[in-house]
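Me: I would like to go through this model feature by feature. Please give the general idea each time, then the case at hand.

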Amino acid sequence: MSVIIDENTKIIVQGITGHQGSFHSGEMIKFGAKVVAGVTPGKGGMKVHDVPVYDTVEEAMIHEPDATMITVPAPFVKDAAFEAMYNGIRVVYILTEKVPLHDALDIVSYARSHGHVVIGPNGPGITVPGKTKMGIMPNHIFKKGTVAVASRSGTLTYEIVNALTLNGYGQSTVIGLGGDRITGLNFVDVLELFEKDEDTEAIVLVGEIGGTAEEEAAEYIKKNVSKPVVAYIAGRSAPPGKRMGHAGAIITRGKGTAESKIKAFNEAGVPVAEFPWEIPDALKKVYK
Amino acid sequence: MNLYEYQGKALFRKFGVPTPEGYVAFKPEDIKEFEGERVIKAQVLTGGRGKSGGVKFASSLEEARKLAKQILAMEIKGHKVHAVLVEEKLKIEKEFYVSILIDRSTRSPLIMASPEGGVEIESVPDEKIYKFVVNPEIGVKPFVGRVLSKKMGFTGDLAKQFTNILMNLYKLFREYDAELVEINPLVLSEGKLIAADSKVVIDTDSLYRHKDLEENAEEKTPLELEANKAGYAFVELDGNVGVIANGAGLTMATLDTLLLYGLKPRNFLDLGGTDSVDITKNAFTYVLKANPDAILVNIFGGVTKCDTVAQGIIAAKDAFNINMPIVVRLSGVHEEEGRKMLEENGIHAFADMRHAIEKLKEIMEGSQ
């Protein structure tokens, strides 16, 4: 068992002929992902890494995909996501950054009321080591194992996964939720999945300033999570009112500070590492 | 992007949300002859202008122009006043609050209304703030107005007016990609509900489809604007260590780590996912303009080629004659070649973040 996608998941890539789409499809295939088709309007009939390209998602449906990776430019993301959901594709991962907030709102609310899962926007995707990968996380940092990781950032996730691997902790599933204010999945959603997942024995959450997702996660953990959880929070040093790169990473009106998140996690019995490289040590104390 | 009050009110009028009669004046002579009383309001993108003397009343043209001249020369909380709004003075019977924003936890628009308007909403007790989570697939229909009117104590015609304001405000919120639309206060004046102030924030990522909006300078420093224009996420801070890292999360974690080691970052600079010598090299331009005492580069290259990044760093050192210490953490594809190139050029290079920061601390303490 695994979370959201597994080795049998058939993936299409919307925007496969673009620079990002083509490079990362290649990396996904090397990792073992079943990339069955690509879609780029006007480029139907081409092949990218031997994967057939279609003009529409409807045509690509002959491959019976379960998931799509969307890499099209921001103004076209909403259209692409609705095209995928209209055709019944269950999992929609959006790599693209700078997607208008109201477009994300429309995509996510439709998905949630119609049984689709949205990952992102503006996130590195999802990796199930030893099985499959949908997204842009670097292949070489992973090791198959029992620790699940969920994160609001990209590179920082790699840093922490790398530290886990070097210290002998393999991963069951690694999910990048995305750095925007509206994302399809938040910590509570994935905690629910990780708690049920037989392959997962311990959980690492990588949060950052802005919003209240970490505080809600802490509340949820208190009541519903039996597996050990450790966390890291980025942005202790961030000044209020300044957007620290991610649209979501901003402290406004005194809300969303690192202090509040660290306090919430500590009260839920979740140790918070001071430095990213301390995550394996923190894990050792609560797991094995 | 924050809109000025007069810009927000122009949108209110466009969508049928009642506002006082008025116009914007950029110089005292823009103020026209009037009868009765007028209010002159400083146009700045910050709160608390009333307390700072940025809102004045005038009963003659001469007085209005004199006050406008004073206000236009003011600076409120570091914001220069470039314009004033000249409006009819309302008879205020009561002040209310209403806003619509994007609620991150429910991933939905959220209406907030309170019978206690005219003060900072943060100071209003929670039980006096009525919230309504909007299902975006349904939108704001008349029933939403009925629900909130009842809680607010509006009946009859006032309930109708309030419902119209909510529906129109929501329309504006959606059509203009707003992060926030706020009326504080919404005043009751001679039987009418009127938006006496406006706060509208538009999602920057959607500006490409709102060409009718003027672009307001954001609350950024000139150096931040310059770096942003060149494509770098850049924030100035008040320390002395220049920072270049890749990814927003890792960059934040780098700043946090520096502070925990007793070192103070001068800036946030996210290089993004890059494989380009020039993008790496040019990032130094903005860090150097901030005059740091040393520079830390922290790259965790997933697929980034480290030899390319190393070339960019060396090119910057040569081109900009950098003599201050540079410490680099480089991890990713071709990392060993990258670090070797750096070391050959007298730049300290490490495979992990911890050792890089410890080296930086050693250098900076040694130089004191």
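Me: In which sense do strands S10 and S12 of chain B pair, and over how many bridges?

Reply: First, the conventions. Residues are numbered from 1 along each chain as its sequence is written, and chains are lettered from A and ligands numbered from 1 in the order in which they are written. This is a predicted model, in which local features need pLDDT of at least 70 and side-chain atom pairs count only at pLDDT 80 or more, while totals for chains, interfaces and linings use all residues. Helices (H or I, at least four residues) and strands (E, at least two) are DSSP runs, numbered from the N terminus. Two strands pair if DSSP finds at least two bridges between them. Strand S10 of chain B, residues 178-189, pairs with S12(B) in the antiparallel sense over 4 bridges. Opposite Val201(B) in S12(B) stands Leu180(B).

Me: Which residues of S12(B) lie on its covered face, and which on the uncovered one?

Reply: In a regular strand the side chains alternate between the two faces of the sheet. In S12(B), residues 199-202, Val200(B) and Ile202(B) form the covered face, whereas Lys199(B) and Val201(B) form the uncovered one.

Me: Is Ala178(B) buried or exposed?

Reply: A residue is buried if 20 or more other C-beta atoms lie within 10 Å of its own, exposed if 12 or fewer, and partly exposed in between, with C-beta atoms placed from the backbone. Ala178(B), found in strand S10 of chain B, is buried because 27 other C-beta atoms lie within 10 Å. Contact means C-beta atoms, placed from the backbone, within 7 Å. Beyond its neighbours within four places in sequence, Ala178(B) contacts Leu172(B), Phe173(B), Val200(B), Val201(B) and Ile202(B).

Me: How many residues does each chain bring to the contact between A and B?

Reply: Chain A gives 45 residues and chain B gives 39. On the chain A side, helices H4 (101-113) and H5 (155-166) each supply at least two residues.

Me: How does the span of H4(A) compare with the expected one?

Reply: The expected span of a helix is 1.5 Å times one less than its number of residues. H4(A) has 13 residues and reaches 18 Å from first C-alpha to last, close to the expected 18 Å. Its buried residues include Leu101(A), Leu105(A) and Val108(A). Just after H4(A), Gly115(A) takes a positive phi of about 75°.

Notes
Contact = placed C-beta atoms within 7 Å.
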